[in-house]
Amino acid sequence: MITIREETFRDVEAREALLDACFGPARFQKTCERLREGRMPADGLSLVIDRDGEIIGTVRLWHVSAGPNRAALMLGPIAIDPSVQSLGLGGKLMREALTRAADLGHKAVLLVGDAPYYERFGFSAGKTGSLWLPGPYERSRFLALELEAGALDDARGLVSATGAFEQKPDLGALVAAAAQGVLSGLRPAY
């Protein structure tokens, strides 16, 4: 059975393997990665396609500002397992992500992607002309969708990350715990 559901911590390894299969290591060099780096995705907007326990699709949306004081989301990456591409699963995942974003009260979504593909979901370059990204990108691939009419009217400036920072373990605390033998599986350093 195929279901679209929120991602859980148990999906991380499978999600990363799927993204590696679809995009390879070059995905870490993309400009949009700079907006995701060290940040948490927007609550409720990390989705996977689960086929009987196997992750075959993923999409995540991230908080950004579309210029000063203008909240938006950045979509990406979206990926479908190559063995099941062209079955419409990417479209289903995209529509579900956009519906959930609208239901959660978000007003606009940005992305960098193939315009002919994303136009069918309502994305265009029409509202991104006065916005720019922090790194190289093809202007024709910088697209936007207003979930609320007028949400990006007069939007201008640098798109920047605004989401919550990812929780990182305190390295000093880990080292101290390991030295005291508190962490299971680790021996104290001598």
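Glu 148 is partly exposed, with 40% relative accessible area (buried means under 20%, exposed over 50% and partly exposed in between, with a 1.4 Å probe and protein chains only). The structure is a predicted model, in which local features need pLDDT of at least 70 and side-chain atom pairs count only at pLDDT 80 or more, whereas totals for chains, interfaces and linings use all residues. Residues are numbered from 1 along each chain as its sequence is written, and side-chain values use heavy atoms, with hydrogens and water left out.

**Overall architecture**

- The protein contains five helices and eight strands (DSSP runs numbered from the N terminus, helices being H or I with at least four residues and strands being E with at least two).
- Read from the N terminus, the order of these elements is β-α-α-β-β-β-α-β-α-β-β-β-α.
- The C-alpha trace of the protein spans about 60 × 40 × 30 Å along its principal axes.
- Of the 190 residues in the protein, 41% are buried.
- The accessible surface of the protein amounts to about 10600 Å², and carbon and sulfur atoms account for 54% of this area (Shrake-Rupley method with a 1.4 Å probe; for residues, only the protein chains shown count as cover).
- Considering contacts between residues at least 6 apart in sequence, 67% join residues at least 24 apart (contact means heavy atoms within 4.5 Å).

**Annotated region**

- The unreviewed UniProt entry places the feature "domain: N-acetyltransferase" at residues 2–144 (positions follow the numbering used here, feature names are shortened, and annotations may be inferred rather than shown by experiment).
- Over residues 2–144, the chain is 26% helix and 31% strand, and its end C-alpha atoms lie 29 Å apart.

**Salt bridges**

- The structure holds 14 salt bridges (a side-chain nitrogen of Lys or Arg within 4 Å of a carboxyl oxygen of Asp or Glu).
- Lys 107 counts as partly exposed because its relative accessibility is 38%.
- Arg 36 and Glu 33 form a salt bridge whose closest N and O atoms are 3.2 Å apart. Both residues lie in helix H2 (residues 31–36), three residues apart, which is about one turn of the helix.
- Arg 36 is buried, at 9% relative accessible area, and Glu 33 is buried, at 14%.
- Asp 20 and Arg 27 form a salt bridge in which the closest N and O atoms are separated by 3.0 Å. Asp 20 counts as partly exposed at 40% relative accessibility, whereas Arg 27 counts as buried at 9%.
- Asp 20 and Arg 27 also belong to a network of salt bridges that links them with Glu 7, Arg 15, Glu 16 and Arg 60.

**Surroundings of Ala 101**

- Ala 101 lies in helix H3 and counts as buried, since its relative accessibility is 0%.
- Apart from its neighbours within four places in sequence, Ala 101 is in contact with Leu 45, Leu 73, His 106 and Leu 147.
- The C-alpha atoms of Ala 101 and Leu 45 are separated by 6.9 Å, although the two residues are 56 apart along the chain.

**Strand pairing with E8**

- Strand E3 (residues 54–66) and E8 run antiparallel and are joined by three bridges (strands pair if DSSP finds at least two bridges between them). Ala 66 stands opposite Val 159 in E8.
- Strand E6 (residues 131–132) pairs with E8 in the parallel sense over two bridges. Trp 132 stands opposite Leu 158 in E8.

**Nonpolar surface patch**

- Leu 171, Leu 174 and Val 175 form a nonpolar patch on the surface, with about 280 Å² of accessible area together (patches are made of residues with over 30% relative accessible area and no salt bridge, with like charges joined within 9 Å and nonpolar side chains, namely Val, Leu, Ile, Met, Phe, Trp and Tyr, within 5 Å).
- Val 175 is located in helix H5 (residues 171–179) and is exposed, with 51% relative accessible area.
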